Amino acid sequence: MSSRTLARPAAPVTFAVLAIAITALATLPQQAKAGTGTSGSVAVASDYVFRGVSQTNRDPALQGGIEYAAERGFYLGVWGSNVSWLTDLSQAGSPVSNSLELDGYLGYRSHLTETVGVDVGALYYRYPGDYPPGFNSPDTGELYVGVSAGLFSARYSYALTDLFGFADSDGSAYLDLGANWEFSPGWTLNAHAGRQWIRNNAAFQYSDWKLGATRAFGNGVAIAAAYTGTDADRALYTNAFGRRVADGSVTVTLSKGF
């Protein structure tokens with residue numbers, strides 16, 4: 001049985017612990033500031049939606065991280081968030097204790113021209129906690145390659161391990177297509193379309209999309225609102241609490257970069 005199928009936590013998250021841990025976390029590559037040196041962010045979101053699926057049972061998330069970028073284009077960082085999709089399995093009778101996602105990544109990015117860039121790297125998703133014997137680990141390693149051209153971007157991720165606990169799913173892949181248009185100073189329109197392939201688990205495959213806007217203020221503060229949706233099988237993506245975690249939803253995020 002796939003841990004990803006039923007997951008999302010019933011147990012409350014200790015935000016004080018997360019706030020302390022967040023100083024050791026980091027933004028994902030596409031969230032980091034351009035240039036060299038150290039950068040990062042903290043954020044509060046009304047829901048943590050990853051590839052169109054809620055990771056927090058539609059509850060809020062505290063997130064953040066830090067990245068170091070070298071002059072020659074190499075970078076590394078960590079990022080973290082509270083999650084609930086694994087601990088929610090306890091509601092279905094599987095004793096799982098987890099409330100945190102910690103991601104580490106490293107890669108190389110460069111500009112081929114003034115408007116065309118490339119980004120290649122590796123990312124590891126870690127879900128520390130206690131799991132019952134025989135539970136398929138949700139920890140996942142991926143390689144990715146991305147290109148950007150003006151407003152548009154594309155990124156392809158390939159799983160080197162089982163994908164988020166799905167059995168025999170190494171070799172799964174995700175395609176992320178995006179567009180970000182600053183239509184007015186401080187205002188950016190955000191659009192995304194994605195496709196998740198899950199090897200040997202075809203019934204769980206789906207496409208997802210997002211449309212939203214970001215308002216950037218001074219001192220690195222920004223607020224974003226977005227609608228996300230998927231064509232995932234509603235029964236397969238209904239968790240132990242009866243929540244359809246892959247249905248369409250609106251998410252609001254307040255962030256501060258540094």
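The dialogue below asks how the named features of this predicted model follow from their definitions.

Student: What kind of model is this, and how are its residues numbered?

Tutor: This is a predicted model, in which local features need pLDDT of at least 70 and side-chain atom pairs count only at pLDDT 80 or more, while totals for chains, interfaces and linings use all residues. Residues are numbered from 1 along each chain as its sequence is written, and side-chain values use heavy atoms, with hydrogens and water left out.

Student: What makes the strands a barrel, and in which order do they run?

Tutor: Strands are DSSP runs of E with at least two residues, numbered from the N terminus, and two of them pair if DSSP finds at least two bridges between them. Here 12 strands form a closed barrel in the order S1-S4-S5-S6-S7-S8-S9-S10-S11-S12-S13-S14, with antiparallel pairing. From one strand to the next the twist averages 20°, where axes are lines fitted to C-alpha atoms and angles run from 0 to 180 degrees between N-to-C directions.

Student: How do you know that S4 pairs with S1 and with S5?

Tutor: The pairing rule asks for at least two bridges, and S1 and S4, which run antiparallel, are joined by 9 bridges, with Leu62 in S4 as the bridge partner of Val44. Antiparallel S4 and S5 are joined by 7 bridges, and Gln63 stands opposite Ser81 in S5. S4 and S5 also form a hairpin with 4 residues between them, in whose turn Gly73 has a positive phi of about 105°.

Student: Why is S4 called largely enclosed?

Tutor: Buried means under 20% relative accessible area, exposed means over 50%, and partly exposed lies in between, with a 1.4 Å probe and protein chains only. Because 7 of the 9 residues of S4 are buried, the strand is largely enclosed by the rest of the structure.

Student: What shows that S11 pairs with both S10 and S12?

Tutor: Strand S10 (residues 173-184) and strand S11 (residues 187-197) run antiparallel and are joined by 10 bridges; the S11 partner of Ala173 is Trp197, and that of Ala179 is Ala191. Their hairpin has 2 residues between the strands, and Gly186 takes a positive phi near 85° there. S11 is joined to strand S12 (residues 206-216) by 10 bridges, again antiparallel, and Thr188 has Thr214 as its bridge partner in S12.

Student: Which residues of S11 make up its covered face, and which its uncovered one?

Tutor: The covered face holds Thr188, Asn190, His192, Gly194 and Gln196, whereas the uncovered face holds Trp187, Leu189, Ala191, Ala193, Arg195 and Trp197.

Student: What makes a set of residues a nonpolar core, and which members touch the most others?

Tutor: A nonpolar core is a set of buried Ala, Val, Leu, Ile, Met, Phe, Trp, Tyr and Cys residues joined through side-chain atoms within 4.5 Å. The largest one has 29 residues, of which Leu86, Tyr127, Phe164 and Tyr237 touch the most other members. Strand S4 (61-69), strand S5 (74-82) and strand S7 (116-126) are the elements that give two or more residues to this core.

Student: Why is the contact between Asp139 and Arg126 called a salt bridge?

Tutor: The term requires a side-chain nitrogen of Lys or Arg within 4 Å of a carboxyl oxygen of Asp or Glu. The closest N and O atoms of Asp139 and Arg126 are 2.6 Å apart, and the pair forms a salt bridge. Asp139 lies in the loop between S7 and strand S8 (140-149) and Arg126 in strand S7, so the pair ties together parts that are 13 residues apart in sequence. At 10% relative accessibility Asp139 counts as buried, whereas Arg126, at 39%, counts as partly exposed.

Student: How many salt bridges does this rule give, and what is the N to O distance between Arg58 and Asp47?

Tutor: The count comes to 5 salt bridges, and the side chains of Arg58 and Asp47 meet in one at 3.0 Å, N to O. Asp47 counts as buried, at 6% relative accessibility.

Student: What makes Tyr156 part of a nonpolar surface patch?

Tutor: Patches are made of residues with over 30% relative accessible area and no salt bridge, with like charges joined within 9 Å and nonpolar side chains (Val, Leu, Ile, Met, Phe, Trp, Tyr) within 5 Å. Tyr156 has a relative accessible area of 36% and is therefore partly exposed, and its place is in strand S9. Together with Val120, Leu143, Val145, Tyr158, Leu160 and Trp197, Tyr156 forms a nonpolar patch with about 610 Å² of accessible area, an area that comes from the Shrake-Rupley method with a 1.4 Å probe, only the protein chains shown counting as cover for residues.
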